[in-house]
Amino acid sequence: MSGHVVPVKTYLGIFVALLVLTALTTGVAFVDFGDIHTGIRLIEVIPLNTVVALAIAVVKMLLVILFFMHVKYSSSLTKIVVMTGFLFLAILVSFTLADELTRGWTPEAGGWNTALPTILPLLRGLF
Amino acid sequence: MSDMAVHAPHPPGFKHQFEDMEQQREAGSLGMWVFLVTEIMFFGGLFATYIIYRTLYLTAFEEGSRLLNVKFGAANTAVLIGSSLTMALAIHAAQAGKKKSEQVMYLVLTMILGALFLFLKFNYEWRADYHEHLIPGFGFIIRPEWGAAGTHVPLYFCFYFFMTGLHAMHMIIGFGILGTLTVMAHRGRFSSEYYAPLEVSGLYWHFVDIVWIFLFPLLYLIGGRFALPGVH
């Protein structure tokens, strides 16, 4: 037994698709798609160009993972491990953003640096 | 049960703790993927930090992104995708039981394309950045045309050099791996039965390619390349 042998034709097809997507993502960067206005503090403006560029990058990534990295032909166990990686990345990014973007929603709490004018003179007194 | 099982003839490279070659191959790939998951988190920390600071200083990041040479960025993406193809073909050559010279040829091609990527990156892009005073810590000059966002453009370039630098470091490690594989292939170590080192190294090389697939839009295209109203 020797794993699933992917035909050369498939590899060449994926290669061409990846090149086309690279040309596409570069090309659309020269076109202004405008912005999404969310009204949420810190992310009031989301450029649609960023959304399009990342969507194309995700498609390219899937092509590489599924075909070049043979995940399409791998066991379910391998597939779960691969998805776990991206799940943890999603947790990292979403939880960090949930903190960063909601700072200032509670006016009485304030950011960590609002305490600096009080703390710094005290620290200077120590040294 | 019997001595027969222990001393039964087996393909080269087969380790006795596995049931058969198929199970051994799958265990190898799974182990490599567990390592790659840690690599996703390794780069993920940088990507998460990038996302936070891009959110905080969007104008500065867009300003910085437009200063990069998008032609080199796109060309290098194509070069790296090409090296992924030749890597996949090297594994295919072993799987399909092709001559060892074909495996060696594809591995050497992969290294040549990888070297071309680093040559374009270091010799053209980074060199130009140095001459244009865009490397933080090496005489970075904040330009008046950046306006109020100017003070945070060096932050963008810190991300640019750290992310592309870490990616380049992974590629340089990849050369060591590919070099070893080339010697092994030349010695005829791989066959359609045993090609695990090629397979797991291929996973690593493709992973480095995927990192670049995200670095290219995030660093080069994030600001858009169209003429903005009110922007020089």
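Q: Two residues are in contact if their C-beta atoms, placed from the backbone, lie within 7 Å. On that basis, which residues of H2(A) and H7(B) meet?

A: This is a predicted model. On the H2(A) side they are Ala53(A), Leu54(A), Ala57(A), Lys60(A), Met61(A), Val64(A) and Phe68(A). On the H7(B) side they are His206(B), Asp209(B), Ile210(B), Ile213(B), Phe214(B), Pro217(B) and Leu221(B).

Q: What classes of residue make up the contact of H2(A) with H7(B)?

A: The contact of H2(A) with H7(B) has 11 nonpolar residues, one polar residue and two charged residues.

Q: At what angle do H2(A) and H7(B) pack?

A: The angle is about 175 degrees, and the axes of H2(A) and H7(B) are 10 Å apart. H2(A) is therefore roughly antiparallel to H7(B), since angles over 145 degrees count as such.

Q: Staying with H7(B), where does it bend?

A: H7(B) bends by about 30 degrees at Leu215(B). A proline, Pro217(B), follows within four residues, and Pro217(B) is also among the residues that meet H2(A).

Q: What length does H7(B) reach from its first C-alpha to its last?

A: H7(B) reaches 37 Å with its 26 residues, close to the 38 Å expected at 1.5 Å a residue.

Q: Is H7(B) mostly covered or mostly exposed?

A: H7(B) is mostly covered, with 24 of its 26 residues buried.

Q: What about H1(A) and H4(B): how do their axes cross?

A: The axes of H1(A) and H4(B) come within 10 Å and cross at roughly 170 degrees, so H1(A) is roughly antiparallel to H4(B). The contact includes Tyr11(A), Phe15(A) and Thr22(A) of H1(A), and Thr77(B), Ile81(B) and His92(B) of H4(B). The residues of this contact divide into 12 nonpolar, four polar and no charged.

Q: Changing topic, what is the phi of His70(A)?

A: Phi of His70(A) is near 60 degrees, a positive value in a residue other than glycine. Most residues other than glycine have a negative phi. His70(A) lies in the loop between H2 and H3 of chain A and is buried, with 21 other C-beta atoms within 10 Å.

Q: What is phi at His133(B), and where is that residue found?

A: His133(B) has a positive phi of about 55 degrees although it is not a glycine. His133(B) is found in the loop between H5 (100-131) and H6 (153-186) of chain B. His133(B) is partly exposed, with 13 other C-beta atoms within 10 Å.

Q: Which residue with a positive phi follows H6(B)?

A: Gly188(B) follows H6(B), and its phi is near 75 degrees.

Terms used
Residues numbered from 1 in each chain as written. Chains lettered and ligands numbered in written order. Predicted model: local features only at pLDDT ≥ 70, side-chain atom pairs only at ≥ 80, totals over all residues. Axes fitted to C-alpha atoms, helices over the stretch in contact; angles between N-to-C directions. Helix = DSSP H or I, 4+ residues; strand = E, 2+ residues; numbered from the N terminus. Parallel < 35°, antiparallel > 145°, perpendicular 65-115°, else oblique. Nonpolar A, V, L, I, M, F, W, Y, C, P; charged D, E, K, R; others polar. Buried ≥ 20, exposed ≤ 12 C-beta atoms within 10 Å, placed from the backbone. Expected span 1.5 Å × (residues − 1). Bend = angle between axes of the 7 residues up to and from the residue.
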